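Dear colleague,

I am passing on a structure that you have not worked with before, and I would be grateful if you could read these notes beside it. The sequence and the model come first, and the notes come after them.

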Amino acid sequence: MKKSMLILTGVLTLSGLSAQEYKTLQKTDPAGYKYEEVTDDPTHTRVYTLENGLTVYLSRNPKTPRIQTYIPVRAGSNHDPADNTGLAHYLEHMLFKGTSRLGALNWEKERVELKKISDLYEQHKASSDSLERRRLYHQIDSISTIAAGYVSANEYDRLTTSIGAQGTNAHTWVEETVYKNDIPANELERWLQIESERFGELVLRLFHTEIEAVYEEFNMGQDRISSRVFEQMGKALFPTHPYGQQTTIGTSEHLKSPSLEAIERYFYKYYVPNNYAIVLVGDLEYDKAIALVDKYFGKKPAKPLEHPKFARELPIAKAQTYDVYSKDPEYLFLAYRLDGGTGSMDAAYLTLVDMILANGKAGLIDLDLNQAQQVMQAGSSPMIHKEYSVHQLFGMPKQGQTLEQVRELLLAQIERIKQGDFPEWLIEATINDLELQKIRATTEPNDVATEHYTAFIHGQKWGDRLKFIENLRKIKKADLVEFVKKHYADNHVTVYKRIGENKDLIRVQNPGITPLELDRSTMSTFGKELLAQQAPRLNPLYIDYQKEIKRTQIGKQTIEYIINPDNDLFELTYLFDMGQYNDKKLDLAIQYLGLIGTDKLTPQQIRQEFYKLGVSYSVRSMGERMQIILTGLKRNMDAGIRLLEDLLRGAKPDQAILDEHIAQTIKAREDNKKSSQAIFRAEVNYAMYGEHSPQRDIIPTRELKQIKAAELTNLIKGLMDYKHRVFYYGNDVEGIKKSLKRNHKFGTKDYPKATVYQQQPTGGKIYYADYDMVQAQMMMLRRVAKYDAKEMALSSMFNAYFGEGMSSIVFQEIREAKSLAYSAYAYYGGARKLGDYNYIQAFIGTQANKLTEAFNAMEGLVQNMPEAEKNFETAKESVLRDIESERITRQDIFWQYESLKRLGIPNDMRRQVYEEVKKMTLADLVAFFNKSIKGSDYTYVLIGRESDLPLDFMKKYGQIQKLDVDYLFNDKQD
């Protein structure tokens, strides 16, 4: 399982680490701004506090001329009134709608209509008469149409897109609401103007369409059974605290009966500068950045603020179990609640216990449950809140195993820690592993910025957060054992996700919203003035791949490499131009490799040795390609290569291990047939390739059971006999050459012939699968033309204008104007190598009783693209600014080049795209649309409850075929 804890720290040494001081120093910049700085901080963070209480985190990282921004607010679902759950999340959505200046065309008239709507919502909430509520809703709908006429829709999204922002979004959680943008460094001032405007005033416009989008998010959660599992777990762990008693999304009843007055009270109470922060990490100048933040946010007044306080939970007296049902594969979560939250010793001990249990490499669960194949899958992860912490253990049963048996195996690992039944070195190795991860994280602005906003939300000093790993090093084995004995008893909650009917699904009527008419030619005075400002443009930088990718020789073998300028970590990759398509047993062999040992070392010892070295390996098989990757500490590079080569050459066959792995492979196939996501992916694959598809071309179960262990180990041992290439990323080229000479064999054998899967023509077909869910999903597919590099500029512009992002035509029409889906997008592309076809893919995920309307809306768009000059210019600016601020660096240079080569492109195509986009007109895009998007030859893929799907309606678009899951996965059991 993915670990959610991020801790940044200093330079790693696996032995004899010198203690970091992490002293917090008070400093003043030349302009008089006071800030805190921590010694030995690899992120060079400055933490300012302005006079109005606003906290500002600044960290310089000139990797690319961009800045990762976050605005975290200390207000989440914990702060929701008990009778208005989901309010914080509602509010998050509404902050994208603008203010009395941003997005407003006639505020004086609009405000009158918005007051009427707000009053009607209060009446609607107060009424218990269903007919009266329906009447009030129709009034709201009618007035909303009038109010929308005074609005420049999606103006926030259009403005941020115009200045080159990426990843524009937000999220809400129990203690936080966080707003995010990744912006070009030269656009910091205009971004601050936009954010200052929307954080200064709340206008609840376009509310009733957005509320339906939020309800679609609720529906998505209903169909994602893990949400129900975590909800049940939270209720049991926190019987009185909002952590368990209030979900972030809110209840169905509260979502359908919102109070706009309550939302306004919430905003003006919590969205004050002494309760949020500005986080900026990237290519910035500290003095200039803080002056700009002060200019636009420093004058906002602070307000007295008191956060809600909650009574402490009583101890959990005994183990509790609960059942949750759905058609999805079965699994369980077992969780302990600890009384300490962020910054506490509980959190420190929990982090260490968690890594000893499951670090993905050599933890107790990793070795004794996963590698030993005692279960299908198991893991653990921490969840550290401000007030409490939760330790979650996860388990999925193998064939013939009960959930109760998996639970006992997980508990047995906890007992092992209580008994001290783990090696002493594992504590130091896990701490070093955490440190290794964070060294990598310091080079990524988003990782650093995430640490900043997490520290702010939890009220944690930056210096204290940096000290976390130093504090872990003070924990001794005896201390850890005693902690687990004390805190891990019968105080746990288990939620079993069993196979059965989900009786908790809530299905509601289609509210019948009147579509809004969006005038894409309009913009507020605020928006016009902002865009009229001329920020200095960045100059694009293009890559000369032949120059940037260095080459050296080992005999006749060429080694490609790029120098790592940041740290003493390395990455070594063996690249094969063969994969699963060349040999269907290759994936099985790769998985098997991770389970077996050699004549010298057991499987467990191999993992432990890699972990001790601070080195790890992985193998990726991708159709016609395969990569064996070794990464870790430079000084242990030679030992790591030697260990990997010994494993590859000396893999020891073990039929019992293989038989168990095959049994688990068969179980995994059966589990896929129970997963709506896996089924939908398989449907799309079938629509593209037909009966002879990669999804269906698998080793039959009968043959799978007959495979011998020696056959797979021979395949592994023979890998290096095939010709392959080597790429190295690090700072010791001579060292890698010497190590490869000593340890590695370069083969010359030709690859087996690859299976060719033909992409089938689309049109006249409707495929569907029956699955009990609240939503329905549809993908529209059209096979267009074989990949042509000349289309790159047009396809980039089409995606930006038509189908990707919140300012796109699809998003505006289907979600914003018609409120027919939470998730809707369209994308042109998909070819991965020269000779592949591109596709237009258009997706809708919506409440089943809205699917016909949503389909009509999407069908109308793909057959008749709206022509909006303003939107086109916004998309154009977005594409240009993305290229201007994009910097391909480090090992990404090599991998980008590899992708381009597969498409037959020898150089950096961005130069050509940039020049073509600058000259492109809307007429050019319309011509591309008419040629490549518009057409009758679409294939449609659906999943949902059969009785809810509009199959009779779909008949006019082609022949309908129900796809049986056994056929879809080509896996009937013997």
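This is a predicted model: local features need pLDDT of at least 70, side-chain atom pairs count only at pLDDT 80 or more; totals for chains, interfaces and linings use all residues.

Residues are numbered from 1 along each chain as its sequence is written, and side-chain values use heavy atoms, with hydrogens and water left out.

The whole chain

The protein chain holds 38 helices and 25 strands, where helices (H or I, at least four residues) and strands (E, at least two) are DSSP runs numbered from the N terminus. Its radius of gyration is 29 Å, close to the 30 Å that the globule rule gives for 974 residues, so the chain is as compact as a globular protein of that length; the radius is taken over C-alpha atoms, and the rule is 2.2 Å times the number of residues to the power 0.38. Along the principal axes, the C-alpha trace spans about 80 × 65 × 60 Å.

Of the 974 residues in the protein chain, 60% are buried, a word that here means under 20% relative accessible area, with exposed meaning over 50% and partly exposed in between (1.4 Å probe, protein chains only). The chain exposes about 38,800 Å², and carbon and sulfur atoms supply 49% of that area, as computed by the Shrake-Rupley method with a 1.4 Å probe, where for residues only the protein chains shown count as cover. If one takes the contacts (heavy atoms within 4.5 Å) between residues at least 6 apart in sequence, 84% of them join residues at least 24 apart.

The chain carries 128 positive and 133 negative charges, whose mean positions are 3 Å apart. In that count Lys and Arg are positive and Asp and Glu negative, with His and the chain ends not counted, and each charge is placed at NZ of Lys, CZ of Arg, CG of Asp or CD of Glu.

Residues in loops

Most residues other than glycine have a negative phi. N154, in the loop between α3 (130-148) and α4 (155-162), has a positive phi near 60°, and this residue counts as buried at 5% relative accessibility. S819 also has a positive phi, of about 50°, although it is not a glycine; S819 sits in the loop between α31 (809-817) and β22 (823-829) and is buried, with a relative accessible area of 2%.

T240 lies in the loop between α7 (225-237) and α8 (242-245) and counts as exposed, at 56% relative accessibility. Leaving aside neighbours within four places in sequence, T240 is in contact with Q245 and E313, and its C-alpha atom is separated by 8.5 Å from that of F310, which is 70 residues away along the chain.

Charged pairs

A salt bridge is counted where a side-chain nitrogen of Lys or Arg is within 4 Å of a carboxyl oxygen of Asp or Glu, and by this rule there are 72 of them. One is formed by D287 and R46, with the closest N and O atoms 3.4 Å apart. This pair links distant parts of the chain, 241 residues apart, with D287 in helix α11 (residues 286-297) and R46 in strand β3 (residues 45-49). D287 is partly exposed at 36% relative accessibility, whereas R46 is buried at 14%.

K418 and E415 form another salt bridge, at 3.1 Å from N to O, and both lie in helix α14 (residues 403-418), three residues apart, about one turn of the helix. Here K418 is buried at 12% relative accessibility, while E415 is partly exposed at 37%.

K833 and D836 also meet in a salt bridge, again given from N to O, at 3.1 Å; K833 is partly exposed at 32% relative accessibility, and D836 is buried at 16%. Elsewhere, salt bridges that share partners join E187, R190, R537, E877, R881 and E884 into one network. Not counting residues up to four places away in sequence, E187 touches I163, A535 and R881.
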